[in-house]
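Hello,

Please find the structure we talked about below. My notes on it follow.

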Amino acid sequence: MTATTRPTARTGMILVAIGTVGLAAMLWWDANGAPTVAHFLTASFGYLIGQGIVTFFAARRRPR
């Protein structure tokens with residue numbers, strides 16, 4: 001049986017930071033005539049932002 005590690009608030013902030021920078025780059029590329037694949041990459045960076053927010057608040061929740 002493997003031990004599970006609890007996510008930290010720092011991990012959540014890092015995910016949000018990576019997602020935000022990536023999303024800004026993808027939106028800029030998309031505005032300058034990017035191919036269709038850029039839409040999928042944009043969605044992936046949006047997903048990272050969402051996961052970072054969820055991880056941040058899950059880490060701050062007190063154990064019961």
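Which helix supplies the largest share of the nonpolar patch? That share, 3 residues, comes from α2. Before the details, note that this is a predicted model, in which local features need pLDDT of at least 70 and side-chain atom pairs count only at pLDDT 80 or more, while totals for chains, interfaces and linings use all residues. Residues are numbered from 1 along each chain as its sequence is written, and side-chain values use heavy atoms, with hydrogens and water left out.

The chain as a whole

The protein chain has 2 helices and 0 strands. Both kinds of element are DSSP runs numbered from the N terminus: helices are H or I with at least four residues, strands are E with at least two. Of the 64 residues in the chain, 17% are buried. Buried means under 20% relative accessible area, exposed means over 50%, and partly exposed is in between (1.4 Å probe, protein chains only). The accessible surface comes to about 5100 Å², and carbon and sulfur atoms account for 68% of that. These areas come from the Shrake-Rupley method with a 1.4 Å probe; for residues, only the protein chains shown count as cover.

The nonpolar patch

The patch on the surface is formed by W28, W29, V37, F40 and L41, with about 550 Å² of accessible area together. Like charges are joined within 9 Å, and nonpolar side chains (Val, Leu, Ile, Met, Phe, Trp, Tyr) within 5 Å. Helices α1 (9-31) and α2 each supply at least two of the patch residues. V37 sits in α2 and counts as partly exposed, because its relative accessibility is 47%.

T55 and its surroundings

T55 also lies in α2 (residues 37-60). Its relative accessible area is 13%, so T55 is buried. Leaving aside residues up to four places away in sequence, T55 touches P7, T8, T11, G12 and L15, where a contact means heavy atoms within 4.5 Å. A polar atom of the T55 side chain lies 2.7 Å from the backbone oxygen of Q51.

The aromatic pair

The structure holds 1 aromatic pair. F56 and F57 form this pair, which is edge-to-face, with 5.3 Å centre to centre and 85 degrees between the planes. Rings of Phe, Tyr and Trp (its six-membered ring) pair if their centres lie within 6.5 Å; planes under 30 degrees apart are stacked, over 60 edge-to-face, and the rest tilted. F56 is partly exposed at 21% relative accessibility, whereas F57 is exposed at 54%.

Regards

Technical notes. A polar contact is a pair of N or O atoms within 3.5 Å; within protein, one must be able to donate a hydrogen and the other to accept it, and residues adjacent in sequence count only if both atoms are side-chain atoms. Patches are made of residues with over 30% relative accessible area and no salt bridge: like charges are joined within 9 Å, nonpolar side chains (Val, Leu, Ile, Met, Phe, Trp, Tyr) within 5 Å. A salt bridge is a side-chain nitrogen of Lys or Arg within 4 Å of a carboxyl oxygen of Asp or Glu.
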